[in-house]
Amino acid sequence: MVVVLLGPPGAGKGTQALRMIDERSAVHVSTGDLLRAARRKGTELGRLAQGYMDRGELVPDSVILDLVKAHLETIDAETDVFFDGFPRTTDQATSLDGVLKDTGRAIGTVVLFDVPDDTLLKRLSGRRSCPDCGSVYNTFFSPTAVEHVCDRCGGALVHRKDDEPETVARRLQVYQAETAPLIDFYQAHPASVTRIAADRDVGDVYADFCDAVDAAFRDVS
Ligand code: AP5
């Protein structure tokens with residue numbers, strides 16, 4: 001089954017997806033993480049994506065779709081996939097339906113994480129990420145035991161360049177213009193849509209997320 005995590009920058013999609021795949025044998029596919037990995041490796045894709053990401057703009061659909069298709073080919077068709085930050089436009093969503101159909105997969109549920117903008121700004125300014133193991137922390141809400149050091153693997157934490165306030169403002173505008181229309185798209189889609197108030201304790205949000213995913217699994221079995 002495929003689960004799509006939808007929500008604005010900083011809504012907690014990555015945090016929730018990582019917790020979910022820690023507990024279930026599933027795969028987390030974050031297009032943001034794939035692009036950042038390509039940038040670190042200095043590939044052509046990474047160089048192409050850099051300007052868009054640093055400005056808070058979306059990377060062109062054709063580039064993202066090629067990336068996702070290639071990545072899906074590395075994942076067994078029976079494995080459950082949690083998409084985080086993809087799709088982000090209605091063209092990406094329409095293409096995803098086609099790709100999934102071709103590979104015998106389908107979206108079981110779409111989970112929308114709702115958070116007010118003022119909370120998003122605080123979360124993004126405090127976010128610190130581990131480029132080595134992908135763990136995510138927050139200087140306000142979930143600090144590490146030792147400042148700048150990943151609790152899980154000891155890696156050196158980074159503050160994302162696109163988490164600077166001007167870029168965050170642009171990312172929120174882009175979310176409203178390009179990605180929020182997906183809420184209507186998926187409400188008219190065969191997959192179920194669950195809206196979760198994500199401005200709460202991580203564990204409470206996770207409990208609702210599990211309920212939504214479990215209900216979708218029950219529906220397909
Ligand atoms: P991407 O990396 O996907 O960024 P995003 O969607 O903007 O999402 P974020 O990673 O910022 O937030 P999140 O919801 O995962 O929150 P997190 O869990 O980290 O994309 C980056 C860029 O790549 C884009 O701008 C674009 O250029 C490009 N791109 C990527 N995909 C693309 C696509 N499909 N098409 C085109 N371009 C694409 O949490 C945030 C912080 O809050 C953390 O510090 C966390 O610890 C904290 N936190 C989380 N939950 C809670 C809670 N409940 N309480 C308190 N703190 C919390």
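Start by selecting arginine 127 and the ligand: an N or O atom in this side chain is 2.7 Å from an oxygen atom of the ligand, which makes a polar contact (a pair of N or O atoms within 3.5 Å). Taken alone, the ligand exposes 1,000 Å², and the protein buries 96% of that (areas by the Shrake-Rupley method with a 1.4 Å probe).

A quick word before moving on: this is a predicted model, where local features need pLDDT of at least 70 and side-chain atom pairs count only at pLDDT 80 or more, while totals for chains, interfaces and linings use all residues. Residues are numbered from 1 along each chain as its sequence is written, and side-chain values use heavy atoms, with hydrogens and water left out.

Next, pick arginine 123, whose side chain has an N or O atom 3.3 Å from a nitrogen atom of the ligand. Then try alanine 11: here a polar backbone atom sits 3.2 Å from a ligand oxygen.

Now show the shell: 36 residues surround the ligand, each with a heavy atom within 4 Å of it. Color α2 (31-41), which gives the most to this shell, with 4 residues. Helices here are DSSP runs of H or I with at least four residues, and strands are runs of E with at least two, numbered from the N terminus.

Finally, jump to helix α5, residues 90-102. Select Gln92, Ala93, Leu96, Val99 and Leu100, which are buried (under 20% relative accessible area; exposed means over 50%, with a 1.4 Å probe and protein chains only). Asp91, Lys101 and Asp102, on the other side of α5, are exposed. Just past the helix, glycine 104 has a positive phi of about 70°.

Note on methods
Expected span 1.5 Å × (residues − 1). Polar contact = N/O pair within 3.5 Å; in protein donor to acceptor, adjacent residues only side chain to side chain.
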